[in-house]
There are 2 protein chains.
Amino acid sequence: MNRSASIKDVANHASVAVGTVSNVLNYPDRVSQRTKDRVLRAIDELGFVRNDAARQLRAGHSRTIGLIVLDVGNPFFTSVVRAAEDAAALQGSAVLLGDSGHDAGREANYIDLFQEQRVQGLLISPVGDVTERLDLLRERGVPTVLVDRLADEEKFSSVAVDDDAGGYLAARHLLDTGRRRLAFVGGSTSIRQVADRLQGAQRAVKEEPDATLEVLVSEGQTVLAGRSVGNMLVERDRGELPDGIFCANDLLALGVMQSLTMTHTYRIPEDIALIGYDDIDFAVSAVVPLSSIRQPTEALGRTAIELLAEEVEAQHARHRAVVFTPELVVRQSTGAPSAD
Amino acid sequence: MNRSASIKDVANHASVAVGTVSNVLNYPDRVSQRTKDRVLRAIDELGFVRNDAARQLRAGHSRTIGLIVLDVGNPFFTSVVRAAEDAAALQGSAVLLGDSGHDAGREANYIDLFQEQRVQGLLISPVGDVTERLDLLRERGVPTVLVDRLADEEKFSSVAVDDDAGGYLAARHLLDTGRRRLAFVGGSTSIRQVADRLQGAQRAVKEEPDATLEVLVSEGQTVLAGRSVGNMLVERDRGELPDGIFCANDLLALGVMQSLTMTHTYRIPEDIALIGYDDIDFAVSAVVPLSSIRQPTEALGRTAIELLAEEVEAQHARHRAVVFTPELVVRQSTGAPSAD
DNA sequence: GCAAATCTTTGAATCGTTTCATTGTTACGA
DNA sequence: TCGTAACAATGAAACGATTCAAAGATTTGC
């Protein structure tokens, strides 16, 4: 296959000037019907496809937006990505997706790549702390929005979800359904998300004088870690058991559920109510459909694109940090009569 | 922020010719140390970043590869993507990822976008059948490799997994562990993957004169669909139950497992052995760790990139269709003493 | 039928990089 | 000291699309 047709080839083939071909593509109204037909036919016959490189060289910027996430496999990000793509499409941009896989090196590669591509801007859920890498972007004037990470409004716009509020919601829901001896299950509180969710839960518990909250630290945030915690609970005396458990994510909750249902000693939700966090697909199809806290991922993605557009348009506008409040999803595991 | 620095600005700032700056970037050996230092300093001081558009305009092609998958949320594709990215990085290319979400329109958009970007080539797991869209790519000479879809070798190179072999492996394993009354659970056999896996299972069963295979059609391929099938089985007389169940995917298998373990009437694997397909993350953390068939996703992604490289280099070489054989993963649900 | 107004079309200049033939410099052996 | 390699640096041309001032064509109004 030889080199593909250029606008010049089209112009020759249709016996018009290159400017006319360009007009057909960009300002069809300026061109007479006759000419337009001839040009379109030529385009078709030659299989002409616009060369985006030439286009954006002239324009000085591309029509793409870079999006770097920590893990495309994580349903949370998958959903954010999808929403961002749709929102970008609405404003005529396309999203280039990069997966850093929690690796700072890969992240740096994508940042460089996207800068060379002269993306309109960057959405990024950064690996680790906000470092010089990002400050550099800021200095270079690359419009940037942080995703799922609160940022100093002096420096960046950002979108995030209020984990404290989520934790409050979950605990409040357990309290509202009459539970008083609550337990929080989560990995190390050095993970910010875990700490915030716990804090929110504690805030709710303080509102009820007769309520208590026990903190159970799990080995990681997996189903298996949850099962260990569950097994430990099953061995307790009945009187020492919590009557409501809030897990820092759904995987942990599913593990706890496995332990409790397997032994058939305790019933969910009659003896123990259980609520998770994230509302993953599996939550609804657990043995006992799992109540959970759903994060507004679509809003996150959409808003990130919108904030980016603001940054692009008003170069020197103040940055904005938008925080969303998550949503309670009640299912059977916390005592709804029957659920979706 | 004004327009970013160009190679010309760097040249001025370092008092050299533009060609020299270019040489520093592309052929450092051709440039004396003194000049190189000066140029590098200028680059640093001006915060110069190569403009990829201009670069690839000159080069005639980009250093990116387009990858369009049916669903980034699907762990199968996530894993393929990751492997493809790594393999591409090794040869100095970057992957642009598009998610068609099983939507032909979105797919078409990405195909157009990637063509305008003049990607080196395209990896695509196409929506529906291989249609004119793809034939058009072929005619245009865009190197293309189909992923997870067998293709006419006259037309395309492709990488795929042998589902018939996978079905055989699963059924053969059940037979090898002494089961004789097998059941296959799957959605409609109009889905090619389901049909192939069933066919492979049937092939294995035919090898044992005293073995039988019952086909149970589920309503879709979800956990809930699996649970319906499971509930139906639990109501049968013990004598009419299968002693080995092969599910067309892990979600179905997890649903079946829920039904069986919840009632505590039958034990897995003692009464009924259970095996799924795909080896999703959840398989290992099920109540009874689930045996499954693992697809070689890393090999798929890597090989796809390699085949694409072949296509790019040898324009008129014959295409190749590479088929991988999946792998049996034995866990507790089919009677391993104890598993990972 | 003619001037003015409107609509079409033209094509050179431009974007930032790479390429490469040419020119300038240095080093070395005779 | 000179001639010649070997090495460095130069800068114009090219890539393909868009822009825009200018020219050309057509229509309108009188």
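Colleague: How many residue pairs are in polar contact across the interface of domain 2 of chain A and domain 3 of chain A?

Modeller: In this predicted model, the rule finds two residue pairs in polar contact across that interface, both partners being at pLDDT 80 or more. They are called polar contacts because each rests on a pair of N or O atoms within 3.5 Å.

Colleague: Which residues of domain 2 of chain A lose the most area to domain 3 of chain A?

Modeller: The area buried between the two domains is about 460 Å², with carbon and sulfur atoms giving 40% of that. On the side of domain 2 of chain A, the residues that lose the most are A:Asp148, A:Val161 and A:Thr297, which together make up 68% of what that side buries.

Colleague: How many salt bridges lie between domain 2 of chain A and domain 3 of chain A, and how many between chain B and chain A?

Modeller: Between the two domains the count is zero, while between chain B and chain A the count is ten salt bridges.

Colleague: Why is the meeting of A:Arg63 and B:Glu116 called a salt bridge?

Modeller: The side chains of A:Arg63 and B:Glu116 meet at 3.6 Å, N to O. The rule asks for a side-chain nitrogen of Lys or Arg within 4 Å of a carboxyl oxygen of Asp or Glu, so the pair A:Arg63 and B:Glu116 qualifies.

Colleague: Which element gives the most to the side of chain B that touches chain A?

Modeller: That element is α4(B), with six residues. Elements of chain B giving two or more residues to this side include α5 (75-90), β2 (94-99) and α6 (104-116). The side as a whole has 22 nonpolar, 15 polar and 15 charged residues.

Colleague: What area is buried between chain B and chain A?

Modeller: About 4,600 Å² is buried there, of which carbon and sulfur atoms give 54%; the contact takes 52 residues from chain B and 51 residues from chain A, and the count of residue pairs in polar contact is 27.

How values were computed:
Residues are numbered from 1 along each chain as its sequence is written. Chains are lettered from A and ligands numbered from 1 in the order in which they are written. This is a predicted model: local features need pLDDT of at least 70, side-chain atom pairs count only at pLDDT 80 or more; totals for chains, interfaces and linings use all residues. Side-chain values use heavy atoms; hydrogens and water are left out. Buried area is the accessible area (1.4 Å probe) that two parts lose on being put together, summed over both. A polar contact is a pair of N or O atoms within 3.5 Å; within protein, one must be able to donate a hydrogen and the other to accept it, and residues adjacent in sequence count only if both atoms are side-chain atoms. Contact means heavy atoms within 4.5 Å. Helices (H or I, at least four residues) and strands (E, at least two) are DSSP runs, numbered from the N terminus. Ala, Val, Leu, Ile, Met, Phe, Trp, Tyr, Cys and Pro count as nonpolar, Asp, Glu, Lys and Arg as charged, and the others, Gly among them, as polar.
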